[in-house]
Amino acid sequence: MNNIKGHVAELLEIISEGLWEKEHIISLGLLSCIAGESIFLLGPLGTAKSMVARRLKEVFKNKKSFEYLMSRFSTLYQIHSFLWHTMR
């Protein structure tokens, strides 16, 4: 158990290098990745959402992710449609 805890702590340190005040989102993002769940990052411009997502992806061997730039006019249909077509 201590080995896993140490490995996770090391991963969190690697991912969060150079990022400030992002410990919670990085921790939850890593947890969702380990659990095999999706994560949806929503927030104002310039808050390192893309950087956090890319860094989370880089710690795994079989990297698979997608990015979709949304605006205030984006709809849920656009996201589901994009996912449906790319995951087939």
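Buried residues make up 12% of the 88 residues in the protein. Here buried means under 20% relative accessible area, exposed over 50%, and partly exposed in between (1.4 Å probe, protein chains only). The structure is a predicted model, in which local features need pLDDT of at least 70, side-chain atom pairs count only at pLDDT 80 or more, and totals for chains, interfaces and linings use all residues. Residues are numbered from 1 along each chain as its sequence is written, and side-chain values use heavy atoms, with hydrogens and water left out.

Helices (H or I, at least four residues) and strands (E, at least two) are DSSP runs, numbered from the N terminus. From that terminus on, the order of elements is α-α-α-α. Helix α1 covers 2–15. Helix α2 covers 23–35, and α3 covers 49–58. Along its principal axes, the C-alpha trace spans about 45 × 30 × 15 Å. Of the contacts with a separation of 6 or more, 42% are between residues 24 or more positions apart. A contact means heavy atoms within 4.5 Å.

The accessible surface comes to about 7600 Å². Carbon and sulfur atoms account for 60% of that surface. Accessible areas come from the Shrake-Rupley method with a 1.4 Å probe; for residues, only the protein chains shown count as cover. The side chains include 11 positive and 8 negative ones. Lys and Arg count as positive and Asp and Glu as negative, while His and the chain ends are not counted. The centres of the two sets lie 10 Å apart. Each charge is placed at NZ of Lys, CZ of Arg, CG of Asp or CD of Glu.

Phe40, Leu42 and Met70 make a nonpolar surface patch of about 350 Å². Patches are made of residues with over 30% relative accessible area and no salt bridge; like charges are joined within 9 Å, and nonpolar side chains (Val, Leu, Ile, Met, Phe, Trp, Tyr) within 5 Å. A salt bridge is a side-chain nitrogen of Lys or Arg within 4 Å of a carboxyl oxygen of Asp or Glu. Phe40 is placed in the loop between α2 and α3. Phe40 counts as exposed because its relative accessible area is 55%.

The loop between α2 and α3 also holds Leu45. With 84% relative accessibility, Leu45 is exposed. Leu45 is 40 residues from Lys5 in sequence, and their C-alpha atoms are 33 Å apart in space. Ala48 lies in the loop between α2 and α3 as well. Although not a glycine, Ala48 has a positive phi of about 70 degrees.

A positive phi is also found at Glu21, at about 60 degrees, and this residue is not a glycine either. Glu21 belongs to the loop between α1 and α2. Its relative accessibility is 73%, so Glu21 counts as exposed.

Helix α2 includes Leu31 and Ser32. Leu31 is exposed, at 53% relative accessibility. Ser32, in contrast, is buried, at 10%. Leaving aside residues up to four places away in sequence, Ser32 touches Glu37, Ser38 and Ile39. Leu31 and Ser81 are 50 residues apart in sequence, with a C-alpha to C-alpha distance of 26 Å.
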